[in-house]
Amino acid sequence: PQSQQGPPSTTGTGTTTPTDSGTPLVKSKRRIDVAAEYAKNQRDRDTLNLVVVGHVDAGKSTLMGHLLYALGQVNERTMRKFERDAEKIGKGSFAYAWVLDETDEERARGVTMDVATSSFATKNRRFTLLDSPGHKDFVPNMISGASRADVAVLVVDASTGEFESGFDGNGQTREHAILIRSLGVRQLVVAVNKLDCVGWSQGRYAEIVDRLLAFLTGCGYLKDDVRFVPVSGLKGTNLVRRIDDDANSTAPAELQAWYVDETNTEHGQGEAKAKAGPCLVDLLDTFAMPERPVSKAFRLAVTDFFKGGAFGSSSSVSVSGRIAQGHVQVGEHVVVVPGGASGVVRAIDVDGASEEWAVAGDSVVVMIQDVDMQQFAGGSVVCAGPPAAAIAAVRRFEAQLVVFDSQVPITNGFPALMHVQSLGVPVVVHRIIETLDQRSGEVVRRRPRHIRKGATARVEIHAETPVCLELFSESKELGRVLLRKNGETIAAGIVTKLFSK
């Protein structure tokens, strides 16, 4: 993350204090009522965190890079440079992907390796974009991005054989869809990409929609929360303009012949004619805003941290992440868990803009004064308020797990890698307490010897190091866990009990 130069930060005493670099730190004359300010400005501030997922080579980065360019987030000069540089290394078709794939290794390999972030706006919504890797080797990075998401775009490749390789067997289409649902994403747009490679075939599109919709509803998505759209990320078709838009003169006739919105017709010369179906941006614009837990205790799950920041102070650390709940303002005292180190917020950056405060759902860079960088690690959580209000860092807890597919039965003493937000930590399923009926929640069997595929169970888990967790009943963001083994996601669950010792 790149910190932004902003105005001097504020606290509550009305005085100024020099920083280590000599820049005066301006303190505010009053404490802001953040909840009240948010209520007044909610419509202008609310941002949806959008994760883009899908099998490797489905065209995620190209699609979203082209969308950002079409929306004016990338200027013409920069885009032309990407095109020239991509041509020089024989990867001309990767130019739009370079909008998001910024490292030399990603560009040389043509594979997204880490989560790339950007932002854009539609008519009714503001988005923080999280472009996640599709390769199986980088699923932990994908989980880190997906754990910050409110909504998602699942990109599938409609090319002959390519959809099948992503959806069947060990493809990532299935795993990514299950992962984002397990992490709380309910609203999903499926972008059927590269449909131009099969002549904009209506039959191919219908086949993919039918197969995916049956699978997704079986994973827990509601049918009304899943929408499909045919697109070409490389050509830009149906991304930001409908195919019957007057300015869209290059829209393919094959797609125009069948992609219509039967509920929306226009009348001309005595007969009704259905208008074209929605483009990708149209569907993104209709995502419902989730309710933000602004009134709860402040929690910022740290995804990255670095020395200094906007003021260049050697005694400050900038941390980036998404605020899971609550709110924070410049000048507020905060504590880092685990460890308990405390400091003061000196500056807040929200999606590239300097702000005096931030709330749940915001993607932020927060500069904290008088905290050593060694106090931070992957999985750290920044809290506010009295120490008693800080999040718990525990090694023992109980969780209710749903088992997906494990090559080895889960038994007492089963080792795995647990993912919580951006943290991956070795754990052991110490004890299987009971298996449960998925629908009623009633106990099926107490102290079973193992947990079978598709079963729900309550277990006690022991972590190798302390992990910041909340009860799921208190925090849906910080009360979810994923278990992986041998490169496969084998279970997902919610935290039901924490042990202090």
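Residues 24 or more positions apart supply 70% of the contacts in the protein with a separation of 6 or more, where contact means heavy atoms within 4.5 Å. The model is predicted: local features need pLDDT of at least 70 and side-chain atom pairs count only at pLDDT 80 or more, while totals for chains, interfaces and linings use all residues. Residues are numbered from 1 along each chain as its sequence is written, and side-chain values use heavy atoms, with hydrogens and water left out.

The protein contains 10 helices and 28 strands; these are DSSP runs numbered from the N terminus, with helices being H or I of at least four residues and strands being E of at least two. Of its 501 residues, 52% count as buried, a class defined by a relative accessible area under 20%, with exposed set at over 50% and partly exposed in between (1.4 Å probe, protein chains only). The accessible surface of the protein comes to about 22,500 Å², and 47% of that area belongs to carbon and sulfur atoms; accessible areas come from the Shrake-Rupley method with a 1.4 Å probe.

One helix pair may be followed in detail. Two packed helices are described by the angle between their axes and the distance between the axes. The axes of helix H5 (residues 139-146) and helix H7 (residues 172-182) come within 10 Å and cross at roughly 35°; axes are lines fitted to C-alpha atoms over the stretch in contact, and angles run from 0 to 180 degrees between N-to-C directions. From H5, Val 139, Met 142, Ile 143 and Ala 146 meet Gln 172, Glu 175, His 176, Leu 179 and Ile 180 of H7. By class, this contact of H5 with H7 has six nonpolar, two polar and one charged residues.

Ser 232 lies in the loop between strand S8 (226-230) and helix H9 (253-256). Ser 232 counts as buried because its relative accessible area is 1%. Leaving out residues up to four places away in sequence, Ser 232 touches Asn 193, Lys 194, Asp 196, Trp 200, Thr 237 and Leu 239.

Thr 62 belongs to helix H2 (residues 60-70). With a relative accessible area of 14%, Thr 62 is therefore buried. Beyond its neighbours within four places in sequence, Thr 62 is in contact with Ser 93, Tyr 96, Ala 97, Gly 233 and Leu 234.

Ser 320 sits in strand S12 (residues 316-325) and is buried, with a relative accessible area of 5%. Ser 320 and Leu 300 are 20 residues apart in sequence, and their C-alpha atoms are 8.5 Å apart in space.

How values were computed. Ala, Val, Leu, Ile, Met, Phe, Trp, Tyr, Cys and Pro count as nonpolar, Asp, Glu, Lys and Arg as charged, and the others, Gly among them, as polar.
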